[in-house]
Amino acid sequence: MGARPLLALNIVGFPVGLPRHVLGSILEGGASKAREAGALIVGGHTVDDKEPKYGMAVTGLVSPGRQVSNDGAQPGDALVLTKPIGAGLITTAAKQGVAPPHALDAAIDTMARLNDAASLAMTAVGVNACVDVTGFGLLGHLRPMAIESGVSAQVRLSAVPLLDGARDLAEQGVAPGGTGRNLDSLDGVVEWDAAITPADRLMLADPQTSGGLLMAVPPERLDELQARLGGSGVETAAVVGELSKPAPGGPAIHVVP
């Protein structure tokens, strides 16, 4: 939402039977990313758990009235996505031992990349709305933006950036368990063009870990936003669709080839 992180607390669930050095590596990874983001880890809490879990509770600052919410999108806005999707498909394949090594390396690189530069570009230019693409997938996070903003969204599948290998895995039916629930939640919300395949739907509902930002930007600011993103090292600034006035009784999202 345009905030700057300051302080973080580690929150860890960890099985007592796993080697402690694994926990140490997890905490070291989190600490390195916190430093990269300019935040200090000032404590935390660890509990015994049956499966490993790790996250942070973060406190930061944003100027009152300058926070970027998901409900301010306007008809005519372009939808800009700052990371490719497909990480859920690839990490699921990795758990099954079928992920191509180059695809897994690319997914890890994407997930390890912060959204700080994209956020700074967003606030400098001024966008109307933003969401981060995480567990509900691209369309699942676009859904509340469209509904809460009172707009309709059109997404062009051909413009959505994909991680290498994601399409092949989707066509093989390799997908996280949450993908099906994500698709179910889109019933009555999304209108699918006849050319959109079941594999396409899996990709657009694929849960992401540390996905990119999806921004609604006025068309007159689009070039500046893309220039700032590129100039700050953000590798992806894909225009994946646009927003319009909704038709009475129509779906919130249209997906076209």
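Analyst: Lys and Arg count here as positive and Asp and Glu as negative, with His and the chain ends not counted. Each charge is placed at NZ of Lys, CZ of Arg, CG of Asp or CD of Glu. On that basis the protein chain carries 18 positive and 26 negative side chains, and the centres of the two sets are 6 Å apart.

This is a predicted model, in which local features need pLDDT of at least 70, side-chain atom pairs count only at pLDDT 80 or more, and totals for chains, interfaces and linings use all residues. Residues are numbered from 1 along each chain as its sequence is written, and side-chain values use heavy atoms, leaving out hydrogens and water.

The chain as a whole comes next. It has nine helices and 10 strands; these are DSSP runs numbered from the N terminus, helices being H or I of at least four residues and strands E of at least two. The radius of gyration is 19 Å, close to the 18 Å that the globule rule gives for 257 residues, so the chain is as compact as a globular protein of that length. That radius is taken over C-alpha atoms, and the rule is 2.2 Å times the number of residues to the power 0.38. Buried residues make up 41% of the 257. Buried means under 20% relative accessible area, exposed over 50%, and partly exposed in between, with a 1.4 Å probe and protein chains only.

Now the close look. Helix α3 covers residues 101–111, and its buried residues are Ala103, Ala107 and Thr110. They span an arc of only 65° around the axis, which puts them on the same side of α3. The arc is that of the directions from the helix axis to the C-beta atoms. The face turned away from this buried side carries the exposed residues Pro101 and Asp105.

What covers the buried residues of α3? The cover includes α2 (87–95). In α2 itself, Ala87, Gly88, Leu89, Ile90, Thr92 and Ala93 are buried. Their cover includes α3, α6 (166–171) and α8 (198–204). Glycine 97 follows α2, with a positive phi near 75°.

One more helix is worth a stop. Threonine 179 lies in α7 (residues 177–185). At 1% relative accessibility, threonine 179 counts as buried. Setting aside neighbours within four places in sequence, threonine 179 is in contact with Leu202, Ala205, Asp206 and Pro207. Contact means heavy atoms within 4.5 Å.
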